[in-house]
Amino acid sequence: MAGHDEIMTRLNGVFCDVFDDESIKIFDAMTANDLDEWDSLSHITLVLAVEREFHVKLKAAEVGSLENVGEMIKLLMERASDRAPSSR
């Protein structure tokens, strides 16, 4: 199961790619208000890039309910545990 730090590291890479800025350092309380470039179009691009990186399909309602990066990480952790192979 992927942990918080691993997901944050991978997600930070996605942010750097989407916003074409290697200096971005995401944090749990980060929102679109923290990045000038984070508008509605880049939000869609970001969600698609997250889906590709983490091999998940996010529902619009899930994405719409996320209030910050930390909640996205929590959602991705839940999805990772859902996809983990059974230990049976």
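**Entry 1: the rings**

I began with the aromatic side chains and found Phe15, Phe19 and Trp38 linked by ring pairs into a cluster. The model I am reading is predicted, so I kept its rules beside me: local features need pLDDT of at least 70, side-chain atom pairs count only at pLDDT 80 or more, and totals for chains, interfaces and linings use all residues. Residues are numbered from 1 along each chain as its sequence is written, and side-chain values use heavy atoms, with hydrogens and water left out.

I counted 3 aromatic pairs in the structure. (Rings of Phe, Tyr and Trp, the last by its six-membered ring, pair if their centres lie within 6.5 Å; planes under 30 degrees apart are stacked, over 60 edge-to-face, and the rest tilted.) Phe15 and Trp38 make an edge-to-face pair, with 5.3 Å centre to centre and 80 degrees between the planes. Phe15 sits in helix 1 (residues 4–18) and Trp38 in the loop between helix 1 and helix 2 (40–54), so this pair ties together parts 23 residues apart in sequence. (Helices are DSSP runs of H or I, at least four residues, numbered from the N terminus.)

Next I looked up Phe19 and Trp38: their pair is tilted, at 6.0 Å centre to centre and 55 degrees between the planes.

**Entry 2: buried or exposed?**

I checked Phe19 and found it buried, at a relative accessible area of 10%. Trp38 counts as buried too, at 13% relative accessibility. (Buried means under 20% relative accessible area, with a 1.4 Å probe and protein chains only.)

**Entry 3: the core**

I then turned to the largest nonpolar core, which has 26 residues; Leu11, Phe15, Ile24, Ile26, Val50, Val69 and Leu76 touch the most other members. (Such a core is a set of buried Ala, Val, Leu, Ile, Met, Phe, Trp, Tyr and Cys residues joined through side-chain atoms within 4.5 Å.) Helix 1 gives this core its largest share, 6 residues.

(Contact means heavy atoms within 4.5 Å.)

**Entry 4: helix 1 against helix 2**

Which residues meet here? In helix 1 I noted Ile7, Arg10, Leu11, Val14, Phe15 and Val18, which meet Ser42, Thr45, Leu46, Ala49, Val50, Glu53 and Phe54 in helix 2.

Technical notes: Helices (H or I, at least four residues) and strands (E, at least two) are DSSP runs, numbered from the N terminus. Buried means under 20% relative accessible area, exposed over 50%, partly exposed in between (1.4 Å probe, protein chains only).
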